[in-house]
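Here are my notes from going through the model, roughly in the order I would look at things. Have it open beside you while you read.

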Amino acid sequence: MTTEKPFVELIRDRLAGDLRGLPVFHSVAVKLQQMLVSRDFHIEEVIRLISEDQSLASQVLKMGNSSFYTGLSKVATIKDAVVRLGAQEIANLVMMASQAEQYKSGNPVLDTFLQKLWDHALSCATGATWLAAKAGYPSLAAEAFMGGLLHDIGKLAIIKALDEILQAGGTKANVSEMLINEILDTMHEDVGHRLMLSWSLPETYCAITANHHNTEYDGNDTLLVIVRLANLACRKVGKALNPDPAIALFGAPEAQFLGIKEITLAELEIIVEDAGTQAL
């Protein structure tokens, strides 16, 4: 008689309690986001914090000079990047640079999931940023990027937990893609929300991780609505783990709330379809 637990229970056990042990966030990226909320920081402190991790600093400069920031003159130092981009933008850049390193696995099946998930995160972030400006909320553009980038962070946490379980030889069962998708779909919002709370990240982003699929959500939370619509666009064009080409964006409550016209929604589809890892 076997006492071996099924994958779902093993994952639930691993994700119970404190989630800060999972390799999901870089401490510098989290610290910068927390600093933005408190507004208790100096530019010199931001530069020092990033520069202490040379690997991260190098990745930040690489991304700062990528097509994500086309039009800006090249940045040669972290100080240049901070001065030219500003605190919010550099904090987003650090989060993006550090997140890129997390979406990898030695397990071929999980690595494929992670690559698709990273592409989805970048596409949603890009779409949400564009949509915020297009819908008349340019002041929310930087936050929309971060909300789009992190909305599915629960899926990353679940895959990381599954990766650890497989590496530890915690089960002999075969993990099918269907089972992985089922686990991700049913657990990721709760896990993502608890993960964000564990790291004391801004409530704005916590709400997005918890409610980007929930049918009962705060329609007055403009940032949440923007990310939800960008996420729908990603699913419609196939830039998601669970694509759905039948989605009618114009009929979505989020589009109605934002007052988005059909031609703008068509543009949004193009934006998210062209976005993603190829931009880096």
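What is the mean pLDDT of the protein chain, and what percentage of its residues reach 70 or more?

1. Confidence. This is a predicted model, so I started there. The mean pLDDT of the protein chain is 88, and 92% of its residues reach 70 or more. Going element by element, helix 12 (residues 222–237) has the highest mean pLDDT, 97. At the other end is helix 5 (residues 78–85), with the lowest mean among the elements, 83.

2. The nonpolar core. The largest nonpolar core has 100 residues. Within this core, Phe25, Ile50, Leu149 and Leu229 touch the most other members. By element, helix 7 (residues 108–134) contributes the largest share, 13 residues.

3. Setting aside neighbours within four places in sequence, Leu229 is in contact with Leu131, Leu249, Glu254, Ala255, Leu258, Ile260, Leu265 and Leu268. Note that Glu254 is on that list. Leu131 and Leu268 come back in the next point.

4. Leu268, in helix 14. Is Leu268 buried or exposed? Its relative accessible area is 0%, so Leu268 counts as buried. Leu268 lies in helix 14 and, not counting residues up to four places away in sequence, touches Gly127, Trp130, Leu131, Leu229 and Ala233. Leu268 and Leu131 are 137 residues apart in sequence, yet 7.2 Å apart in space, C-alpha to C-alpha.

5. Thr264, also in helix 14. Helix 14 covers residues 262–274, and Thr264 sits in this helix. Why does Thr264 count as buried? Its relative accessible area is 13%, and the cut-off for buried is under 20%, so Thr264 qualifies. Leaving out neighbours within four places in sequence, Thr264 is in contact with Trp130 and Lys134. Trp130 is also touched by Leu268. As for Phe250, 14 residues from Thr264 along the chain, the two C-alpha atoms are separated by 9.7 Å. For anyone looking down this helix, residues three or four places apart point the same way, because an α-helix has 3.6 residues a turn.

6. Leu184, in helix 10. Leu184 belongs to helix 10 (residues 177–198). With a relative accessible area of 1%, Leu184 is buried. Beyond its neighbours within four places in sequence, Leu184 is in contact with Phe113, Lys155, Ile158, Ile159 and Leu241. Gln256 is another matter: 72 residues separate Leu184 and Gln256 along the chain, and their C-alpha atoms are separated by 29 Å.

7. Helix 8. Helix 8 (residues 141–150) is mostly covered, with nine of its 10 residues buried. Among the buried residues are Ala141, Ala142, Ala144, Phe145 and Met146, and the buried set also includes Gly147, Gly148, Leu149 and Leu150.

8. The largest pocket. How much space lies in the largest pocket? About 190 Å³. Its lining is Gln33, Leu36, Val37, Arg39, Gln88, Glu143, Pro202, Thr204 and Tyr205. By class that divides into four nonpolar, three polar and two charged residues. Helix 2 (27–38) and helix 11 (203–211) each supply at least two residues of the lining, and helix 2 gives the most, with three.

9. The cavity. The structure holds one cavity of 30 Å³ or more. The largest cavity has a volume of about 40 Å³ and is lined by Leu32, Met35, Leu36, Phe41, Val46, Ala87 and Ala91. What classes make up that lining? Seven nonpolar residues, no polar and no charged ones. Helix 2 and helix 6 (87–100) each supply at least two lining residues, and helix 2 gives the most here, with three.

10. One backbone check. Ser200 is in the loop between helix 10 and helix 11. Phi of Ser200 is near 55°, a positive value in a residue other than glycine. Most residues other than glycine have a negative phi. Have a look at this loop in the model.

How values were computed
Residues are numbered from 1 along each chain as its sequence is written. This is a predicted model: local features need pLDDT of at least 70, side-chain atom pairs count only at pLDDT 80 or more; totals for chains, interfaces and linings use all residues. Side-chain values use heavy atoms; hydrogens and water are left out. pLDDT is the predictor's confidence in each residue, from 0 to 100. Helices (H or I, at least four residues) and strands (E, at least two) are DSSP runs, numbered from the N terminus. Buried means under 20% relative accessible area, exposed over 50%, partly exposed in between (1.4 Å probe, protein chains only). On a 1 Å grid over the protein atoms alone, a cavity is a set of points where a 1.4 Å probe fits but cannot get out, and a pocket is an open set with protein on both sides within 12 Å along at least five of seven lines; lining residues have an atom within 4 Å of a point. Grid points are joined across faces, edges and corners, and a volume is the space filled by probe spheres set on the points. Ala, Val, Leu, Ile, Met, Phe, Trp, Tyr, Cys and Pro count as nonpolar, Asp, Glu, Lys and Arg as charged, and the others, Gly among them, as polar. A nonpolar core is a set of buried Ala, Val, Leu, Ile, Met, Phe, Trp, Tyr and Cys residues joined through side-chain atoms within 4.5 Å. Contact means heavy atoms within 4.5 Å.
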